[in-house]
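Hi there,

Here is the structure I promised to pass on to you. Have a look at it first, and then read my notes below.

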Amino acid sequence: MNRFILKIVALGALLVAAGAGAHDGHHHGMDRAAAPPAFVASTAKPFAALMDDAMAVMDYGMRHAPMNGAAEHDFVSMMLPHHQGAVDMAKALLLTTTDPALRNLAQGMIAEQQIEIQYMQLWLKNHPAAVTPPSKATP
């Protein structure tokens, strides 16, 4: 099977297994819950607990991403914690699996997602004041 297709299938399975409805009801700035502790990949916790931790950090980051109404800015702001969540989940898998194909997939995801995270951080740095789209005022 093509490596790209394998990645897509595995990512989809991880997202479904981790709680597909976790992003329902995102209300940016409306949640006053405390931030979860930073994710730490450790063999001291079972895989399911690590996935829960990674999802909690990712979900919190996405719900609290700085938004300004400009699609490009808001997309990048939300994708940063999403990509970091993928990195964290892949690290959790590497602690538990001996399957060579899944180890390769997880290692590739970590490398690729980290490159994309750096690219998005650079994009935000180069676009600090992304223009908010004009409001639709009625005449």
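A word on the model: it is predicted, so local features need pLDDT of at least 70 and side-chain atom pairs count only at pLDDT 80 or more, while totals for chains, interfaces and linings use all residues. Residues are numbered from 1 along each chain as its sequence is written, and side-chain values use heavy atoms, with hydrogens and water left out.

The chain has four helices and zero strands (DSSP runs numbered from the N terminus: H or I of at least four residues for helices, E of at least two for strands). Of its 139 residues, 33% count as buried (under 20% relative accessible area; exposed is over 50%, partly exposed in between, with a 1.4 Å probe and protein chains only).

There are two salt bridges (a side-chain nitrogen of Lys or Arg within 4 Å of a carboxyl oxygen of Asp or Glu). One joins Asp53 and Lys45, with the closest N and O atoms 2.4 Å apart. Asp53 is partly exposed at 25%, and Lys45 is partly exposed at 39%.

The other pairs Arg63 with Asp59 at 2.8 Å, N to O. Both sit in helix α2 (residues 47-63), four residues apart, or about one turn. Arg63 is buried at 15%, and Asp59 is buried at 13%.

Happy exploring!
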